[in-house]
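Here are a few exercises to work through with the model open beside you. Try each task before you read its solution.

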Amino acid sequence: FKRRAGGSLGFARLFEVLATKAKLAAVTIPSYSRCEGWKMIGKFRRIPQGHSAIKLGSQWHLLDVFFCSRYTQDTLPCEDYFLCPAGQFIYTHLPVDSEWQLRGDFVVSMGDFMKLPQIERPFIEHGMELVSHTELIIDAQGQSIIDIELESPEGIYFQAFVVTSHGRSPGIVMAHKRTVRVRVAMPEDYTPGSLAEIAIYSCEGEDGEGDYT
């Protein structure tokens, strides 16, 4: 920390020391993490990565204080990586020791981890689940229209966009009870073979009047 080169592993170790002094059970978990375009930082840059687990009551909870301090919202610490459900944390962090996935028998391999889509915390907290297109990369195979299906509790509203280097175009959201179908059409300026991002945002509120995340 004197050299400002602690990184996520240094933050995790500091958190463990502070938690221990406060008589809380905490551990540092060596792991791979992905961010900034979902690159495997630990693998390709060979930089040690790590996050933390803290035991509150009888349950272990996962957190990454480095991510919380680095990714801020309105200059406040970001809580997306603080005391996360294991089902959400696995989308960004893969422990070297699979037991720390805290997912019982549902263990995610390195290969599976690299294929996971970008899922944010509200997706898990709202009880949503992808039904189709469950991997990060969708091969359009020449299709101009892509339908993505997911399940969601009633009362959740959605917006969808397809984003290219030329801008973004809105998609169409169709909902029937728990089944939600998101339809996006590739823009006319889309070049076949290039990458485009499909972004789906959700909001929990009356008539969809609220912040979409």
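**Getting your bearings**

The protein chain has six helices and 14 strands, where helices (H or I, at least four residues) and strands (E, at least two) are DSSP runs, numbered from the N terminus. Keep in mind that this is a predicted model, so local features need pLDDT of at least 70 and side-chain atom pairs count only at pLDDT 80 or more, while totals for chains, interfaces and linings use all residues. Residues are numbered from 1 along each chain as its sequence is written, and side-chain values use heavy atoms, with hydrogens and water left out.

**Exercise 1: the whole chain**

Work out what share of the protein chain is buried, and what share of its accessible surface belongs to carbon and sulfur atoms.

*Solution.* 
- Step one: buried means under 20% relative accessible area, exposed over 50%, and partly exposed in between (1.4 Å probe, protein chains only). Of the 213 residues, 36% count as buried.
- Step two: the accessible surface (Shrake-Rupley method, 1.4 Å probe; for residues, only the protein chains shown count as cover) is about 13400 Å², and carbon and sulfur atoms hold 51% of that.
- Step three: a contact means heavy atoms within 4.5 Å. Taking the contacts with a separation of 6 or more, 53% are between residues 24 or more positions apart.

**Exercise 2: the salt bridges**

Find how many salt bridges there are, and say which strands hold Asp147 and Arg183.

*Solution.* 
- Step one: look for a side-chain nitrogen of Lys or Arg within 4 Å of a carboxyl oxygen of Asp or Glu. That rule gives two salt bridges.
- Step two: one of them joins Asp147 to Arg183, with 2.7 Å between the closest N and O atoms. Here Asp147 sits in strand β9 (residues 145-151) and Arg183 in strand β13 (residues 179-185), so this pair links distant parts of the chain, 36 residues apart.
- Step three: Arg181 pairs with Glu149, their closest N and O atoms being 3.3 Å apart. Since Arg181 is in strand β13 and Glu149 in strand β9, this pair ties together parts 32 residues apart in sequence.
- Asp147 is partly exposed at 24%, as is Arg183 at 34%. Arg181 is partly exposed at 32%, and Glu149 is partly exposed at 22%.

**Exercise 3: along helix α1**

*Solution.* 
- Step one: α1 has 15 residues and spans 21 Å from its first C-alpha to its last, close to the expected 21 Å (1.5 Å times one less than the number of residues).
- Step four: just after α1, Lys23 has a positive phi of about 65 degrees.

**Exercise 4: a loop residue**

Is Ser152 buried or exposed, and which residues does Ser152 touch?

*Solution.* 
- Step one: Ser152 lies in the loop between β9 and β10 (156-164).
- Step two: with 1% relative accessibility, Ser152 counts as buried.
- Step three: leaving out residues up to four places away in sequence, Ser152 touches Met128, Phe158, Lys177, Arg178 and Val180.
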